[in-house]
Amino acid sequence: MPLDVEARPATEGVDVSRHRESVEIATGVHWIGALDPTLRTFDIILRTANGTTYNAYAIRGSQGVAIVDTVKIEFSSEFFARLETVARYDEIRAIVLNHLEPDHTGALPELMRRAPQARLYVSTRATSMLKALLKPKEEERRFVYTTVGTGDEISLGERTLRFLHTPFLHWPDTQCTYLVEQQVLFSGDVFGCHYCDSRLFNDRVGEFRFSFDYYYAHIMRPFKQHVMDALKLIEPLSIKMVAPAHGPILRDRPRRYITHYRELSTSSLAGAICNKEKTLIIFYMSSYGNTARMAEAVCAGAEERGGVRVSLYDLEGGEIEPFVDLIEEADALAFGSPTINGDAVKPVWDLLSSLAVVNLKGKIGAAFGSYGWSGEAVRMIEDRMRGLKMRIPISGLRVKLIPTDEELEACRDFGCRLSDALSGGKNEPAVIDFADLA
Ligand code: FEO
């Protein structure tokens with residue numbers, strides 16, 4: 001028989017931003033986190049229009065108290081003030097760390113000093129990070145930890161915590177923790193968002209849909225396959241509440257957010273292109289039309305082989321964001337850029353620098369371009385693609401100024417060879433670089 005999760009406790013109406021009080025989110029389960037309403041940038045790259053929260057939880061059982069996650073170090077005093085309203089330090093048996101990033105482990109060393117008897121529970125992948133995090137020798141001598149995986153449990157008496165191994169959401173160490181009897185999922189960063197509202201619960205806070213999707217797009221999107229793997233563990237669970245590490249606690253129809261994660265992790269283009277067909281997208285910029293002519297020839301060559309859907313885009317007429325979606329779906333990318341002042345042109349870099357949010361590992365990359373003097377752009381683009389873990393099976397193609405018919409034929413051949421690489425056909429390693437012949 002599940003324990004009651006529907007507690008509407010006395011703290012329901014408390015403004016936690018003023019009172020530093022804990023909030024009972026379910027019977028025997030308290031939010032003891034911290035609010036950071038003035039934060040405007042998280043981890044350097046994420047915008048946080050109304051701040052964030054660092055959610056931590058205390059779960060009381062007849063055999064002790066478990067703490068799930070802590071807070072960023074600057075917010076330690078809030079965390080400890082709230083914790084002290086619901087438990088004594090000598091009652092703490094377990095400290096569960098769903099994720100070791102400092103925004104959730106900043107208060108951990110001090111918590112370990114105050115509750116030295118508590119055992120840490122981390123995922124199997126967290127061990128090296130844990131040791132790096134707790135470098136001070138003093139703590140290392142004291143702490144004891146247990147690594148846990150999917151299905152492992154700890155009992156607090158009438159309450160049981162069960163672990164789910166959900167790596168790479170978004171660090172290798174990440175896990176979720178499920179409170180079995182009350183069907184509460186402590187999900188770490190998963191299902192979280194940077195949205196600060198002292199009303200805490202999704203049915204009481206302001207509109208946070210944008211923050212939820214923005215967070216997914218920047219934190220989880222590069223790990224879509226890992227999200228799908230995690231959903232295989234999460235979706236079969238009966239869930240009355242999702243308690244993430246950031247943002248609102250999802251007690252009103254929590255299943256919607258789980259379903260939304262599946263939708264966000266499933267390509268909207270899936271099925272739009274025949275499954276057997278590979279996709280190549282060619283992007284280019286051209287100042288005098290020379291790189292454009294190269295791009296058209298590469299496109300024509302790639303199409304000759306058949307079995308590859310080829311798209312050609314002039315970056316001068318495009319917006320970055322839709323291209324990022326296309327790129328995520330593509331099997332191969334080719335970038336054409338002239339060299340201006342020893343560099344590829346800005347729209348190419350803008351697009352390439354936007355790709356950190358998608359997983360490009362193993363996609364085929366290629367570069368080409370016309371140039372006047374030095375011609376560095378092609379090599380620089382290739383280096384960037386290698387940095388993004390793409391494969392570059394065919395050396396880049398450069399043409400000095402206006403491509404001749406022979407050079408355009410080489411561009412067609414370049415396209416053919418890209419198609420061959422996509423379809424697993426043979427590729428000769430050598431490519432004529434007309435720059436070397438100049
Ligand atoms: Fe909220 Fe990945 O730390």
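In this predicted model, strands S10 and S11 (residues 144-148) run parallel and are paired over five bridges. Within that pairing, valine 122 faces threonine 147 of S11. Strand S9 (residues 92-96) is also joined to S10, by three bridges and again in the parallel sense, and here alanine 94 has arginine 119 in S10 as its bridge partner. Strand S10 (residues 119-123) is largely enclosed by the rest of the structure, because four of its five residues are buried.

With a relative accessible area of 2%, glutamine 175 is buried, and its side chain reaches the backbone oxygen of leucine 97 at 3.1 Å. Residues touched by glutamine 175 include Val96, Leu97 and Asn98, as well as Tyr121, Val122, Ser123 and Val148. Phe163, Leu164 and Thr166 are likewise among its contacts.

Strand S14 is in turn part of an open sheet of five strands, ordered S12-S13-S14-S15-S16, with mixed pairing. Strand S12 (153-155) and strand S16 (241-244) stand at the edges; each has a single partner strand, so one side of each lacks a neighbour in the sheet. On average, neighbouring strands of this sheet are turned by 20° against each other, direction ignored. Four bridges hold strand S15 (residues 184-188) and S16 in parallel pairing, and glycine 188 stands opposite proline 244 in S16.

Helix H8 (residues 224-234) has Lys224, Val227, Met228, Ala230, Leu231 and Ile234 as buried residues. These cover an arc of only 165° around the axis, and therefore sit on the same side of H8. Gln225 and Lys232, on the other side of H8, are exposed. The cover over the buried residues of H8 includes strand S13 (160-165), S14 and S15, together with helix H7 (209-220), helix H9 (255-265) and helix H11 (320-329).

What arrangement do the buried residues of H13 show when seen down the axis? In helix H13 (residues 377-387), the buried residues are Ala377, Val378, Ile381, Glu382 and Met385. Their directions fall within an arc of 130°, so they line one face of the helix. Asp383 and Gly387 are exposed on the other side of H13. Strand S19 (332-336), helix H12 (346-353), strand S20 (364-371) and strand S21 (397-400) are among the elements covering the buried face. After H13 comes lysine 389, with a positive phi near 70°.

Turning to charged pairs, the structure holds 26 salt bridges. One of them joins the side chains of glutamate 84 and arginine 114 at 3.3 Å, N to O. This pair links distant parts of the chain, with glutamate 84 in helix H2 (residues 76-84) and arginine 114 in helix H4 (residues 108-114), 30 residues apart. Glutamate 84 is partly exposed at a relative accessible area of 45%, and arginine 114 is partly exposed at 30%.

Arginine 114 also meets glutamate 110 in a salt bridge of 2.8 Å, N to O; both lie in helix H4, four residues apart, about one turn of the helix. Glutamate 110 forms a salt bridge with arginine 113 too, with the closest N and O atoms 3.0 Å apart. Those two residues are three places apart in H4. An α-helix has 3.6 residues a turn, so residues three or four places apart point the same way. Elsewhere, a network of salt bridges links Arg60, Arg88, Asp90 and Glu91.

Technical notes. Residues numbered from 1 in each chain as written. Predicted model: local features only at pLDDT ≥ 70, side-chain atom pairs only at ≥ 80, totals over all residues. Heavy atoms only, no water. Buried < 20%, exposed > 50% of the residue type's maximum accessible area, 1.4 Å probe, protein only. Polar contact = N/O pair within 3.5 Å; in protein donor to acceptor, adjacent residues only side chain to side chain. Contact = heavy atoms within 4.5 Å. Arc of directions from axis to C-beta. Pairing = 2+ DSSP bridges. Axes fitted to C-alpha atoms, helices over the stretch in contact; angles between N-to-C directions. Salt bridge = Lys/Arg side-chain N within 4 Å of Asp/Glu carboxyl O.
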